[in-house]
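We go stop by stop.

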Amino acid sequence: MTAAMPRHGSGGAAAALARAACAAARALRGRALLRGEAQARLAAAGAGSDAALQLAALLGRLRLGGAVAAGRCRRCGSGEAQLLRTACGACGSSRCASCQACLALGRSRECGLLVLGMPAQAGRGGAGLAPPEQLPPAAERLRRWGLSPAQSAAAASALAFLERPLQPPPARGLRPRLAALVRAALPSAGLLRLPPLHRGATAAAGRLFRRTRRHKPAEPHPSFLLWAVTGAGKTEMIFPLLESVLSRGGRALVATPRRDVVLELEPRLRRAFPDTPPVALYGGSPQRGEDGRLTLATTHQLLRFRESFDLIVLDELDAFPFAGDAMLHEAVARSGAAGSRTVLLTATPPPSLQRLARLGRLPHAKVPVRYHRHPLPVPRLLRTPPALGMAAAGRMPSSLRQAMARSLDRGAQLFVFVPAIRSAEPVARLIRKLFPDRGEVAATHSQDPERADKVVRFRQKQLRMLVTTTILERGVTIPGSDVFILDADSRIFDEASLVQSAGRAGRSAADPQGFVWFAAASPSASQKRAIRQIRLMNRAARKAGYLLSGSASSRRFHSTF
Ligand SMILES: [Zn+2]
Ligand SMILES: [Zn+2]
């Protein structure tokens, strides 16, 4: 430094920059953000400048690098197949690579920066999660949430998993049969770290990932499957889990595929955890810049976190967009902090996870009964021609017609599921023709601009019958509704889809029974498996004494085949 420079001013500026760099490092802990996102976050924290970012990186308190480098998107992990090379207005290159896979979160490109923060820290001063011994006994903690006996038992198992000390690091060595099992379970196995006996399989899964993806995958965190039937009240069960982590100074995330679930859950979490209010993140959410120890987010938002959470609760892991999306599976693994746990929440685990659970290789708990403690309606089979054939002929077999008439007579609203958009309106026309004076009938599907409006009218009972594709198989609950699935042998209706659709019936305590019909030209394997799964759950509920004594304890399975 020369004597001519204003010594104090320069020293003051340097100190200010150092402070800004430290503030930047703090604000970006546990994050993976594009430069613009990082700057917005820093501006909110009063530390926003490129110089602060650069100094923090030089000091080793965060990492800066190209968002796309060496043929891979560093934000989402996608490889060459997802990269598009085009002329770039930002850098002037004629072949600047940008990632198509994570485009929904802003463009990740070769000439843009990705800012990776240091791992988030749990506990005061980064001391880590406080040991569970400091908390009141689990049974005492569980009581405050007012859970049903079935919910309480499952939550207790999940809590024990969450508070168990970490297992020792994995032993190496490949076991061919287990490796085959894990291969069969992929991509779901990407979420799992198997119990110690079977770690060889995890290593095999890791090698598989390396072979197929040519980069080192994030190590999956230990997982627990909470398998709760439709209408079980799964949200309540995660409250004690979140409480365990939050009260020990940790950070928790609830990730769900659907934005409406985020919006619905946010006020409930706010009431349950007034001291650590949730930050709700989804595309365009107003809370994007905020930070909190409890985060509620749509699945894609996970890509903006790195080594951040001590507990990740994944809701509906089998639903779009999460199912089968390796990018999102890896995002889960990467957003977990060291020693974090993952709890998978679903009514319909994919067959691979069901198998691992059955074999005792995936810790899990089942909630086989709904909150109202009546058994699930068991679907009945009807033999019918294809839906479009019935629509073209303008008639349906009397068995189907009578079943619909019985549902209408008992005052039910009808969900009528069809496998394809092109079937929806013709089937609605057919029903209007056959039941001209039984209320309004509408059809909807993913391309229908009036879809939200129709769902509202169905909820308000202005619509009596709604013909729909699988878009309404989850999430929409209408008290007192019966379910008809036409072309139930279509490949669109797999076991999970059938169980979810059937799960629309009998949801309310006032009308807990409902009717579900699988109408098809032939009984497919998926139909049989769905019925079997529902019956097994009812049997488990009965055996555990979870059913109300007055409830119809065994609805025999009727078939017109
Ligand atoms: Zn990407
Ligand atoms: Zn560029």
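This is a predicted model: local features need pLDDT of at least 70, side-chain atom pairs count only at pLDDT 80 or more; totals for chains, interfaces and linings use all residues.

Now show the donors: C88 (SG), C91 (SG), C96 (SG) and C111 (SG), at 2.2 to 2.3 Å. Along the sequence these donor residues follow the spacing C-x2-C-x4-C-x14-C.

Pick out C91 and C111 next. C91 sits in the loop between strand 5 (83–86) and strand 6 (96–99), and C111 in the loop between strand 6 and strand 7 (113–117). The pair therefore ties together parts that are 20 residues apart in sequence. C91 is partly exposed, at a relative accessible area of 39%. C111 is partly exposed too, at 34%.

Stay with cysteines. How many disulfides does the structure hold? The count is 0. Select C22: its relative accessibility is 24%, so C22 counts as partly exposed. Then go to C102, which is buried, with a relative accessible area of 1%.

Move to helix 2 (residues 35–44). Colour its buried residues: A38, R41 and L42. Look down the axis of helix 2. The buried residues fall within an arc of 100°, so they line one face of the helix. An α-helix has 3.6 residues a turn, so residues three or four places apart point the same way. Turn to the other side of helix 2, where A40, A43 and A44 are exposed.

Last stop: G46, which follows helix 2. Check the backbone of G46: phi is positive, near 70°.

Definitions and conventions
Residues are numbered from 1 along each chain as its sequence is written. Chains are lettered from A and ligands numbered from 1 in the order in which they are written. Side-chain values use heavy atoms; hydrogens and water are left out. Donors are N, O and S atoms within 2.8 Å of the metal (3.2 Å for Na, K and Ca); water is not among the atoms, so sites may look incomplete. Helices (H or I, at least four residues) and strands (E, at least two) are DSSP runs, numbered from the N terminus. Buried means under 20% relative accessible area, exposed over 50%, partly exposed in between (1.4 Å probe, protein chains only). A disulfide is a pair of cysteine sulfur atoms within 2.5 Å. The arc is that of the directions from the helix axis to the C-beta atoms.
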